[in-house]
Amino acid sequence: MGLFDRLKGDDAPRVAFFGIDGVPFSLIDEHPDVFPNLSELAAEGSAGPINSIVPPESSACWPALTTGVNPGQTGVYGFQDREVGSYDTYVPMGRDVQATRLWDRVTDEGRNATVLNVPVTFPPQRNVQRMVSGFLSPGVDKAAYPDDLRDYLQDNDYRIDVNAKLGHDDDKSEFVDDAHETLEKRYEAFKHYVEQDDWDLFFGVFMTTDRVNHFLFKDYERNGENEEAFLEFYRKVDEYLGDLRDRLPDDVTMVVASDHGFTSLDYEVHFNEWLEQEGWLEYEDDDHSELGDISEDTKAYSLIPGRFYVNLEGREPNGGVPKDMYESVRADLKQRLEELEGPDGKKVADRVVTKEDAFRGDHDDIAPDLVVVPNHGFDLKAGFKGSDDVFGVGPRNGMHSFDNATLLVDDPDARIDDADLYDIAPTVLDLLDHDYDRGDFDGASLLK
């Protein structure tokens with residue numbers, strides 16, 4: 001359905017979804033002066049904090065948010081996933097998402113979907129009205145479909161992502177300037193296609209918020225030197241979202257959400273180093289650099305963020321843990337992870353979740369056996385090149401959190417108490433008056 005259909009009298013409701021990657025709800029709620037537009041949306045509609053998923057990592061979160069199901073069904077568990085029956089790993093892309101996306105449901109109904117800059121969508125789908133892929137995509141020339149979208153974005157110097165390497169510099173001014181420019185280009189593209197008014201579902205994501213949070217969030221929370229730069233960036237985010245809301249036709253409901261929360265980062269935790277020091281992880285030789293170098297004597301290894309795999313006989317190529325020892329080995333590891341403390345004496349893990357409690361579906365064969373959901377302040381790493389210390393400090397000062405993600409719906413009838421990321425997809429479909437089987441989702445519609 002497009003504009004011509006509506007002029008003929010088709011008045012089916014529409015939705016415009018704007019993602020603000022990694023924005024915690026408390027940031028908006030505690031600063032109405034910085035977020036006057038989002039505060040107005042919250043007052044006139046519904047708003048609140050929601051939980052993310054296990055693990056709260058963007059590559060896993062966006063497939064879950066856009067399908068309404070857990071990684072056991074999407075098949076995507078993080079930035080890096082493991083091949084079945086192998087130590088080989090790969091970076092999940094759009095074609096690795098095994099569950100049905102929101103825009104596919106809309107398209108199958110004969111309606112139009114514009115999808116801009118959603119992470120884990122490369123290569124762009126050709127069954128939708130238009131799409132430019134987001135995070136992890138190469139240049140716009142390969143990430144945009146159809147040609148007129150690609151041409152418009154290239155002509156307007158559109159950016160898929162900010163230059164995050166600039167955030168490693170002690171002086172953040174160049175990084176902040178780049179973030180503002182990236183944000184502006186995203187807004188201009190969103191505004192252009194919102195005004196096209198030829199879609200039924202508009203789905204666009206601002207990713208730069210996550211980038212700014214990674215490098216400036218502790219400045220915001222603890223009155224650092226870049227606090228005002230952080231807040232000024234978010235004043236611009238709010239201004240752009242307010243303008244987009246003003247441009248939406250009356251038959252469109254606006255939804256704004258983040259995929260996870262954010263908090264200050266105090267320590268990076270190098271879990272494979274910890275496993276090696278504790279005698280759980282051994283390598284074939286001293287010159288190890290990747291997962292495939294682990295030896296048969298290994299009992300467990302880790303992938304980011306906080307995912308642990310028992311080196312199980314018959315499942316891993318060098319599996320040394322017999323199947324009849326699996327439960328006891330996993331239980332021992334779980335207990336040790338729960339007891340692990342950081343240099344400040346605080347527990348690293350808020351909780352340790354088993355595979356059975358976190359994941360279910362047809363694609364749980366690569367699911368981790370345990371996942372650590374960290375306490376605030378502990379960012380979970382898992383490199384294989386070796387780290388001298390278990391606890392360290394890197395260039396980032398902000399990290400993802402499971403709690404305190406954001407959801408705002410421009411509808412006072414939405415119930416956001418006790419909601420989580422899985423509830424967004426069925427809520428959007430209800431707003432679109434789209435029929436679906438409630439059993440298709442791990443969440444439920446928040447409409448009363």
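**Terms and the values behind them**

Author: The side chain of R14 lies over the face of W199, 4.9 Å from the ring centre. The model is a predicted one, in which local features need pLDDT of at least 70, side-chain atom pairs count only at pLDDT 80 or more, and totals for chains, interfaces and linings use all residues. Residues are numbered from 1 along each chain as its sequence is written, and side-chain values use heavy atoms, with hydrogens and water left out.

Reader: What makes R14 a charge over the ring of W199?

Author: The rule asks for NZ of Lys or CZ of Arg within 6 Å of the ring centre and within 35 degrees of the ring normal. R14, at 4.9 Å, is inside the distance limit and is placed over the face of W199. R351 is likewise placed over the face of F402, at 4.6 Å from the ring centre.

Reader: How do you know that F17 and W62 form an aromatic pair, and of which kind?

Author: Rings of Phe, Tyr and Trp (its six-membered ring) pair if their centres lie within 6.5 Å; planes under 30 degrees apart are stacked, over 60 edge-to-face, and the rest tilted. By this rule there are 28 aromatic pairs. F17 and W62 have their centres 6.5 Å apart and their planes at 90°, hence edge-to-face. Their positions in the chain are 45 residues apart, with F17 in strand 1 (residues 14-20) and W62 in helix 4 (residues 58-67). Helices here are DSSP runs of H or I of at least four residues and strands are runs of E of at least two, numbered from the N terminus.

Reader: Why are F17 and W62 called buried?

Author: Buried means under 20% relative accessible area, exposed over 50%, and partly exposed in between (1.4 Å probe, protein chains only). F17 has 0%, so F17 is buried. W62 is also at 0%, so the term applies to W62 as well.

Reader: What makes the pair of F378 and F391 edge-to-face?

Author: The planes of F378 and F391 are 65° apart, and the centres are separated by 6.4 Å. F378 belongs to strand 16 (residues 378-381) and F391 to strand 17 (residues 391-392), 13 residues apart. F378 is buried because its relative accessibility is 2%.

Reader: What makes S401 a buried residue, and what surrounds it?

Author: S401 has 3% relative accessibility, so S401 is buried. S401 lies in strand 18 (residues 398-401). Contact means heavy atoms within 4.5 Å. Beyond the neighbours within four places in sequence, the contacts of S401 include H260, F262 and H376. A polar atom of the S401 side chain lies 3.2 Å from the backbone nitrogen of F262.

Reader: Which residues touch the most other members of the largest nonpolar core?

Author: F18 and L241 do, in a core of 54 residues. Helix 9 (residues 173-196) contributes the most, with nine residues. A nonpolar core is a set of buried Ala, Val, Leu, Ile, Met, Phe, Trp, Tyr and Cys residues joined through side-chain atoms within 4.5 Å. Another core, of 38 residues, lies apart from it, and W62, V106, V118 and Y422 are among its members.

Reader: Is D157 buried or exposed?

Author: With 52% relative accessible area, D157 is over the 50% limit and therefore exposed. D433, which has a positive phi of about 55°, is exposed too, because its relative accessibility is 56%.

Note on methods: Polar contact = N/O pair within 3.5 Å; in protein donor to acceptor, adjacent residues only side chain to side chain.
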